[in-house]
Amino acid sequence: MLVEFAMQHAWLVPLLPACAFVVIVFLARPWQLLSAIVAVGSMATACFFATLAAIGIFTNHEYVEKPLVYATRWFSLGLPGMPDLRIDVGVQLDPVSAMMLFMVSFIATFIFLYSIGYMKGDPGYSVFFSYLSLFGASMLLLVLSSNLLQMFVAWELVGLCSYLLIGFYTHKISAREAAKKAFVTCRIADFGLLLGLLSLQIVFGTLNLTELAGKIEHFEEFTSFGMLTLIAVLVFIGPIGKSGQFPLHVWLPDAMEGPTPVSALIHAATMVVAGVYLVGRTMFLFHEVPSAMQLVAVTGGFTALFAATIAITQREIKRILAYSTVSQLGYMMLALGVGSLSASMFHLWTHAFFKALMFLGAGSVLTALHHKADVWEMGGLVKKMPITAWTFVIGGLAIAGIPPFAGFWSKDEILVSALNSGHYVLFAMAAFTAFLTAFYMWRMIFLAFFGAENPANHPQESPWTMTVPLLVLSVGACLAGLLGTPWHNVWGEWIRFGEAHEGPVNYGAMLLSIVLAGAGIFLAYTLYLKDAKKKRARKMAEWFGPVYRMLYNKYYIDELYLWFNHALVDGTAKLFYLFDIYVVDGIVNGIGAFARLSGDGLRVFQSGRLQNYVLVFFLGVLAVAVLMAFSGSTTAAGLVLGGVK
Amino acid sequence: MDFPILLAILLAPVAAALILAFVPREEHMLIRCIAAVGTFVSLALSLFAYFTYNQEIGGLQFVFGNNMPWIKDLGVTFFLAADGISLPMLLLTNLIGFSAVFASWNVNNRPREFFILLMLLITGVMGTFIAHDLFIFLLFYEVVVIPIYIMVVIWGSSKRVTKEYAGMKLTIYLLIGSAFLLVGVIALFVKTTAITGTPDMSFTGLAAAAQQLSPFDQTWLFALMLLGFGSLISMWPFHSWSPDGYAGAPTAVSMIHAGVLKKIGGYGLVKIALYMLPLGAKFWAPYMAVFGVIGVAYAAMGALAQKDLKYVVGYSSVSHMGYVILAVACMDVIGLNGAVANMFAHGVMAALFFSMIGFIYEKTHTRWIPDMGGLARQTPRLAVGFMLAAMASLGLPGLVSFIPEFTIFISAFNNYGGLAVVGIAGIIITALYVLRAGANTLFGPPRPEYDHLQDIKGPELVPLVVLGTVLVVGGFLPSLLFDMINSGVMPLHAAINDALQLGGNF
Amino acid sequence: MPAISLTHYVVLSALLFSIGLFGVLTKRNAVAVLICIELMLNAVNINLVAFSKYITPADFVGQIFSIFVITVAAAEVGVGLAIIIAIYRNRLSVNLDDFDWLKW
């Protein structure tokens, strides 16, 4: 009964936080606690409905093939019966969106709760919760969208929230610049996505997901294969930006300027996976175009490795996590590219839990240390902050891929699907990335939580509003992967594109990933804990001098973009402006000057003396009279009267 | 005869202006209130008209004076009527006019004269949108120019250029534009009268007669009109009055000018030039598209190089109008809808932008971006308004300007392909300059010299509330706007299509 | 003694007109210029009446016209003198050479 209601009214899920946003902005803002309660309450209610809707979907197998869609007209142009353009808005519930709906609202609820403690004492407390609510609403809208334009709207709105929240500490210049960078970078990507959507609308005449899926199946009736490839590539540009894929990943690490719950919610667990989700949603498009799939896979695989190498050398705790997010998003893309929607979504699901957990843990650490972010200045925190430390360790085990924690199962699934689809190079890259991941994560954990305490720090365990979400999420990080074990893959039965994946359990891949993860952790242990006194890490950095510096400076990509922006874009702009002032306006002013100068020339005749004027006047009359007298009346009349007789 | 609602809308500000003339000049508060009431009456009535217009029937409604000869020998009648294209524009004018009164709440230099002129300005703009007679249209248009000149020169501000220069440039540019227009109109009138024998200046009459003109005649007539309307809508390369003019003008004039006056150009292009001379439009459409795209990219780049807030928005409005021209050049249902809707959206957005900049200037006495920073801390409500306008400017979905731009993109991409891509790329540059201006003005470390600033409050909030509401509501319920525009565009497009079919058979 | 013909009137009128014109062009005193203008007007009057008398004696168009001219001339003198006095009060001069403010 209630389940049925939740499924038929799934739009309530995004609407509730949207209402919370409005209520906080217009009513509750002066009272901090009330704002927080409104935000958390609405999100918890939304989570409740989302859970019901998800139950509804996951108890009825028919929704796997045939999603539950209800939509209404948003606007249309042209004749009502046969519109030239019609855009619907609606809800599309199927296992993928139900999973996302549940995951987003669940994690958001706990991160909202966490923010109550984390943001204590901030002057923008209520505003923060209003932004969070707006974000929740937009993200849930994105998840539920039945139409690509609707999804694009939500996509941009989450971008807006991300912008507002990265720049939340408005007085910090770094926050301001990071926010701007995030928005503009995503804008560049959205340009591609927008072009893709336009082409889809023009070619197929609709942006409704289900209709598109039907039409693209026999796309030959509408367009050529080349055009479809182009469209797929254009659409993929959007996710490159949003999900921080190379080369548009640069905004994501900088986005850590925002408050930590924001990093956890938006830049780790939910918003950044929107790109992955979009590709998953439009899988029917990519599926038709193998070359686009290759592009997705290669981008993903390369990004995963690329970001992992940078993460090794970083010093700030949130920055390391940010690069690890980029790397993990690369995994998800890789999985999509090799054709396994199931593995990708599975990793998205587990990653949301352990990465949110780790970010919240980092936030807890930062609060305790008064925002001292350098991991080298931490150490031994496990004694003073046991809950934070041990939950963080769980997250570390999960991301490194140690069974039975969540990350192991999903990463294994990705490795296997890469192997099964014959992408051996990508498989090797992914496996090596797994080793790197284990290494840099545990480097951070050993440096921050174990080893010798730094006497300059006086850490304290955080209040319950912050530790409870940590505990809940750590349970998720432990168990979330059990849904998709290779022996009994419940996950793959529900969330898939095409047929459910059936195959023998690949023990070799499993063993390899465990060994690699173990090796990574062991290496980190030797370098940073056991032999920390010998400063071997420092020496290694010196040996690898140039390489180390290149990694530490993120391959100088930021500098390159900055140069591009300053020298080329601004330079061109300056050029255009000068052209405008001196050429276009010069012509305009030149015409004005011409009028003025000719006036100057003619004003000589205006002496201001009446008698001169009279004389000229008289001479004129005389001349006419003479003409009249001697040349017959017609010529004169012609001269004087303009030919009218 | 029904209540002449259009006439009432038109005359309410005139009545206010008349009353103002008899109010003692010291009674500042009374003066403002009278102006506010005058514009409010218009706004309320135009909202009423907007929502009682019957979209099912479409066509001209609220007709007034179609059989009331004004100049019999020229076939001029005082013909007022509204359709799905003029009603959004009328509503826009009133929204902005009402807000402009409140944006000028702190004018203390001769407020009586200021508001009288403002009322006349609003009346003139409204008149152009509801006139259904070409002569009356031109008449109202000329009415507009004079108050603007006086207002810029007396209440304007001098920065890069003096206000006298700005006012002069603005006025002369627009007058030259309207001179071309006038020649076009007279030629059209003479030619059509020669064909039909009975002089008729009404849009419908002219349009019907103009279909018998030869394609050659239509082509050069359209060129004249394009010059006239093009310089009014600041089509590249006739745009250079726009940034200077806005920078020199007082807030209210910038709002009305960027918000609605510019749109007279687009409105005229669609409802006069395109409607009457479809064959000419067909010939010029590719050129218009090129000019539109150049305008988009060029002005966006220009805006990127600006350091004065008003110049940023000035260039940005040139850039946005480029989209409108591009859309008109598409000449299909989607494009025309997008053109009109984008004019509405840009009007609301630009007016909000200019009103916020006006307040910033009033409070900080500077518009120079490097001199500002961190205002979000000191004046949060101002910052909200600014960011709202900025986000609308970069076409954020959920605000009114996104869907119009999207429809324009569809139509342009469909019709002009690669050329349109250049135009669409404008959204990136737009994001860059708008965010840069916003970030450097509002964010960053607060400056101590602005600590004493008062946030906008009381009447100053009206522009933000009114225009902000429209931005958001229009963004989430685009059908409110599009159903109306569509009801006006459909018959117009049908007429154009018929003419083009016929033209093809010749 | 030959009868006075139309030619005589016309010659007289031309002479009078030329004298007036000469005065208008050369006099420095504004009042004198005004007087000269009156001369020119009266020359015209003579013309009008003379032509009326000799060419269309039946109706009095010329006479009526000249009465109009006299009326206008009277008004003009009134206004002109008033202007001259006003200028004199401001500038303490009626010399036309001092009056060149009509230029920009």
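I started with helix 6 of chain A: 18 of its 20 residues are buried, so this helix is largely enclosed by the rest of the structure. Buried means 20 or more other C-beta atoms, placed from the backbone, within 10 Å of the residue's own. Helices here are DSSP runs (H or I, at least four residues), numbered from the N terminus.

I noted that this is a predicted model, where local features need pLDDT of at least 70 and side-chain atom pairs pLDDT 80 or more, while totals for chains, interfaces and linings use all residues. Residues are numbered from 1 along each chain, with chains lettered from A in the order written.

Next I checked the length of helix 6 of chain A. Residues 125–144 reach 29 Å from first C-alpha to last, close to the 28 Å expected. The expected span is 1.5 Å times one less than the number of residues.

I then looked at helix 3 (residues 32–58) and helix 5 (residues 95–118) of chain A. They pack at about 155 degrees, with axes 8 Å apart. That makes helix 3 of chain A roughly antiparallel to helix 5 of chain A (an angle over 145 degrees). Their contact has 22 nonpolar, 3 polar and no charged residues.

Last, I turned to the chains. Contact means C-beta atoms, placed from the backbone, within 7 Å. Chains B and C have no contact; their closest C-alpha atoms lie 19 Å apart.

Notes:
Contact = placed C-beta atoms within 7 Å. Helix = DSSP H or I, 4+ residues; strand = E, 2+ residues; numbered from the N terminus. Buried ≥ 20, exposed ≤ 12 C-beta atoms within 10 Å, placed from the backbone. Axes fitted to C-alpha atoms, helices over the stretch in contact; angles between N-to-C directions. Parallel < 35°, antiparallel > 145°, perpendicular 65-115°, else oblique. Nonpolar A, V, L, I, M, F, W, Y, C, P; charged D, E, K, R; others polar.
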